[in-house]
Amino acid sequence: MPEQSQQTGARAASSVRARIERVVDVVGECTSWLALAIIVLMATNVLLRYLFNTGSVWSQELEWHLLVPLILFGTSYALRHGDHVRVDIVYGRFSQRNKVIVDLVSAILCIAISALFIWLSLHYVQQAYVIGESSQDPGGLPHRYLLKALIPIGFALLLLQSVASALGSLEKLRGKA
């Protein structure tokens, strides 16, 4: 009986991991289109500025407003696909088991850091909402709290992907993957 409950638990963990990774993939693929939008927007701003001596504050602010979700949501996608920064010179010399242990410890640390960022950013977002924060520049974008609200959302997605990574590492350590 205990072995059967372990198998059921392992299947449940694998199912949770698969669902999280599916969400991260969908969000990451949708977010990747922001890169194209940023390129088009920047090219348009440059052309307007240098060819027609015109431009607007809101369109320049929109560039970094679009960059925020690209980075915050792209981080979990990069982690999901192993495209994050890692010291491969050291990591590459480890045995397969030690690599999995490093991945597990890294995932646990990422969970803790993400949870801390979520906790600390909630007051920051609430404060921006309460004061109705908007751009200080004339013609800038309003409702800056919406942009700031992406911070806890982005770190929540990173936390979820870190949980999925930890579950994957545990499966590998148990020899199930």
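Analyst: Happy to! The axes of helix H2 (residues 57-80) and helix H6 (residues 150-173) come within 9 Å and cross at roughly 0 degrees. Axes here are lines fitted to C-alpha atoms over the stretch in contact, with angles from 0 to 180 degrees between N-to-C directions; helices are DSSP runs (H or I, at least four residues) numbered from the N terminus. H2 and H6 are therefore roughly parallel to each other (angles under 35 degrees count as such).

On the H2 side, the contact (heavy atoms within 4.5 Å) includes Val-68, Leu-72, Phe-73 and Arg-80. H6 brings residues including Ile-151, Phe-155, Leu-158 and Gln-161. The residues of this H2–H6 contact divide into 11 nonpolar, six polar and one charged.

Because Arg-17 lies in H1 (residues 2-52) and Glu-171 in H6, the pair ties together parts that are 154 residues apart in sequence. A salt bridge is a side-chain nitrogen of Lys or Arg within 4 Å of a carboxyl oxygen of Asp or Glu, and by this rule the count comes to five.

A word on the basis: this is a predicted model, where local features need pLDDT of at least 70 and side-chain atom pairs count only at pLDDT 80 or more, while totals for chains, interfaces and linings use all residues. Residues are numbered from 1 along each chain as its sequence is written, and side-chain values use heavy atoms, leaving out hydrogens and water.

How values were computed. Helices (H or I, at least four residues) and strands (E, at least two) are DSSP runs, numbered from the N terminus. Angles under 35 degrees count as roughly parallel, over 145 as roughly antiparallel, 65 to 115 as roughly perpendicular and the rest as oblique. Ala, Val, Leu, Ile, Met, Phe, Trp, Tyr, Cys and Pro count as nonpolar, Asp, Glu, Lys and Arg as charged, and the others, Gly among them, as polar.
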